Amino acid sequence: MSKASGSEGALRKYTTRDGFEVLDECHRETLAVLDTLCALVARLESDGDSERVRAMAAEVVRFFSTTARQHHEDEERHVFPKALAGGDAEIVQAVLRLQQDHSWLEEDWLELSSHLKALAAGHSLWDLDFLREATEVFVALSHDHMALEESCVYPQARARLQAGERHEMGREMAQRRRDARQRRQTSGTR
């Protein structure tokens, strides 16, 4: 099998996945990167700045600046409208809270990322006390946010989408990620 046909097969497999599988996988990745963020702060407290801590900071920045933002866009486009379609008051309140969470998470991330970017670049323009406190808030909000999605909103949206719609959702999400990756590669950023 040629390299091109192998990558085409992998692409077909990815793009035919149920969109909720992709969302669930992203939640698992988010939990792992949140653990990395916590470990980074703990390492800074015990050992100070190091090559390993800078690499961890770069990993966290990459994930929350790309994948997590794309994930929130996926939810806003595909999940929240379907969950709201039923008109259930509890679900409407949950979606409104999750949309507000997206704004708060973005705001928290913008503050946190400036310190992490400085750390990743080996600059001293970061503050350990701020990183400790901001990480605690960001991690707690992220955990609460995902728990509400998985327990309440995802099941409602999933029930309102047919299998074909869920696969189309997965294809659209994959295409946007490919397009974003290609734009980053063209512009020379990661």
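This is a predicted model: local features need pLDDT of at least 70, side-chain atom pairs count only at pLDDT 80 or more; totals for chains, interfaces and linings use all residues.
Residues are numbered from 1 along each chain as its sequence is written, and side-chain values use heavy atoms, with hydrogens and water left out.

View 1. Helices (H or I, at least four residues) and strands (E, at least two) are DSSP runs, numbered from the N terminus. The order along the sequence is α-α-α-α-α-α. The C-alpha atoms fill a box of roughly 50 × 50 × 25 Å along the principal axes. Of the 190 residues, 39% count as buried. Buried means under 20% relative accessible area, exposed over 50%, and partly exposed in between (1.4 Å probe, protein chains only). Contact means heavy atoms within 4.5 Å. Among contacts between residues at least 6 apart in sequence, 80% join residues at least 24 apart.

**View 2. Confidence is lowest in α1 and highest in α4.** The score is pLDDT, the predictor's confidence in each residue, from 0 to 100. Its average over the protein is 90, and 91% of the residues score at least 70. Helix α1 (residues 3-15) has a mean of 46, while helix α4 (residues 89-120) reaches 97. Over residues 1-14 the pLDDT is below 50, and this stretch has five contacts in the model beyond near neighbours in sequence.

**View 3. Asp18 caps the N-terminal end of α2.** Asp18 sits in the loop between α1 and α2. A side-chain oxygen of Asp18 lies 2.7 Å from the backbone nitrogen of Phe20. Asp18 counts as buried because its relative accessibility is 10%. Leaving aside neighbours within four places in sequence, Asp18 contacts Arg166 and His167. After α2 comes Gly48, with a positive phi near 80 degrees.

**View 4. Val41 lies in helix α2.** Its relative accessibility is 6%, so Val41 counts as buried. Not counting residues up to four places away in sequence, Val41 touches Leu128, Leu131, Arg132 and Thr135. Arg52 is 11 residues from Val41 along the chain, and their C-alpha atoms are separated by 12 Å.

**View 5. Helix α3 bends by about 40 degrees at Glu75.** The bend is the angle between axes fitted to the seven residues ending at a residue and the seven starting there. Helix α3 (residues 51-84) has 34 residues. From first C-alpha to last it reaches 46 Å, close to the 50 Å expected at 1.5 Å a residue.

**View 6. The largest nonpolar core has 26 residues.** A nonpolar core is a set of buried Ala, Val, Leu, Ile, Met, Phe, Trp, Tyr and Cys residues joined through side-chain atoms within 4.5 Å. Those with the most contacts inside this core are Leu40, Phe64, Trp109, Leu112, Leu116 and Phe138. Two or more residues each come from α2 (19-47), α3, α4 and α5 (128-160). The largest share, eight residues, comes from α3. Leu112 touches Leu37, Phe130, Leu131, Ala134, Thr135 and Phe138, not counting residues up to four places away in sequence. A second, separate core of 18 residues includes Val79, Leu148, Ala157 and Leu161.

Definitions and conventions. The expected span of a helix is 1.5 Å times one less than its number of residues. A polar contact is a pair of N or O atoms within 3.5 Å; within protein, one must be able to donate a hydrogen and the other to accept it, and residues adjacent in sequence count only if both atoms are side-chain atoms.
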